[in-house]
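Colleague: I have a new model open and would like to learn how to read it. Can you take me through a few features, one at a time?

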Amino acid sequence: KILNDGKGAQLFDLEVQRKYHRSFADGYRDWDLPFNHPPYELLPLLPLAKFSFPVAHALWTAISILLLAIALVRLFAFVEATHRTLFVLMVLAFFPAVTALKMGQDSMITTLLLAETFVSLKHKRYAIAGGLLALGLYKPQFVLPLLGILFMHGRWMSIFGFLFVGLLLTAISLAMVGVDGLMGLATLWLP
């Protein structure tokens, strides 16, 4: 909503975030749960911000289930046919997956990106794998170790794909919130 209201430069201002949070949260809490991801991650969410919170949450849950289903289907080629049902049941029984769906987290996007990275690597599409990995930079704890592995194995096309998409995402984020907005993000990240 902050971006949709034309306040991109204030996206990482905690007071602005609190004000917007109060407008849809049932009973305001005295603690912050700030948005502290790169702005580009919000692009697919901008249309959902036009709906009421319950409707947006329901739509996002449906989208997340779809993303999880796509990731599972994409990985089926690497799972024996006799184990596919068990594979699906294990994913659905995995507590973090269920929690991510319930809480509306971005974990299913990450799951799909990591699955597609794996599929691309298996098909030797190294530059695409690197680019897909870079799309997950909003969760650096997942993508940077994998980038390190690709670096150690000399997968230079993956590294170049990662760097190219990473620079593109930086430019998109800069266009969304400006220098002041990115400085606001830096202040949230740094002690």
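**Reading the features**

Modeller: Start with F35. This is a predicted model. F35 has a relative accessibility of 23%, so F35 counts as partly exposed.

Colleague: Which ring does F35 pair with, and how do I classify the pair?

Modeller: Look at the ring centres and the angle between the planes. Planes under 30 degrees apart count as stacked. The count of aromatic pairs here comes to five. In one of them, the ring centres of F12 and F35 are 6.0 Å apart and the planes lie at 15 degrees, so this pair is stacked. The pair links distant parts of the chain, 23 residues apart: F12 sits in the segment before helix 1, and F35 in the loop between helix 1 and helix 2 (53-76).

Colleague: Is F12 buried or exposed?

Modeller: The cut-off for buried is under 20% relative accessible area. F12 has 4%, so F12 is buried.

Colleague: What is F12 in contact with, beyond its neighbours within four places in sequence?

Modeller: Its contacts include F35, N36, H37 and P39. Among the others are G181, G184, L185 and L188.

Colleague: Now helix 8. What does its span between the end C-alpha atoms come to?

Modeller: Compare the span with that of a straight helix. Helix 8 covers residues 156-189. A straight helix of 34 residues would span 50 Å, but helix 8 spans only 29 Å.

Colleague: Where is the kink in helix 8 centred?

Modeller: On G178, with a kink of about 100 degrees.

Colleague: How do I read a pair of packed helices?

Modeller: Two packed helices are described by the angle between their axes and the distance between the axes. Take helix 5 (residues 107-122) and helix 6 (residues 126-135). Their axes are 8 Å apart, at an angle of about 170 degrees. Helix 5 is therefore roughly antiparallel to helix 6.

Colleague: Which residues meet there?

Modeller: From helix 5, L113, L114, E116, T117, S120 and L121. They meet Y126, I128, A129, L132, L133 and L135 of helix 6.

Colleague: And what lies in the loop between helix 5 and helix 6?

Modeller: K124 is found there. Check its backbone angle. K124 has a positive phi of about 60 degrees, although K124 is not a glycine. Then check accessibility. The cut-off for exposed is over 50%. K124 has 59%, so K124 counts as exposed.

Notes
Residues numbered from 1 in each chain as written. Predicted model: local features only at pLDDT ≥ 70, side-chain atom pairs only at ≥ 80, totals over all residues. Heavy atoms only, no water. Buried < 20%, exposed > 50% of the residue type's maximum accessible area, 1.4 Å probe, protein only. Contact = heavy atoms within 4.5 Å. Helix = DSSP H or I, 4+ residues; strand = E, 2+ residues; numbered from the N terminus. Expected span 1.5 Å × (residues − 1). Bend = angle between axes of the 7 residues up to and from the residue. Phe/Tyr/Trp six-rings, centres within 6.5 Å; stacked < 30°, edge-to-face > 60°. Axes fitted to C-alpha atoms, helices over the stretch in contact; angles between N-to-C directions. Parallel < 35°, antiparallel > 145°, perpendicular 65-115°, else oblique.
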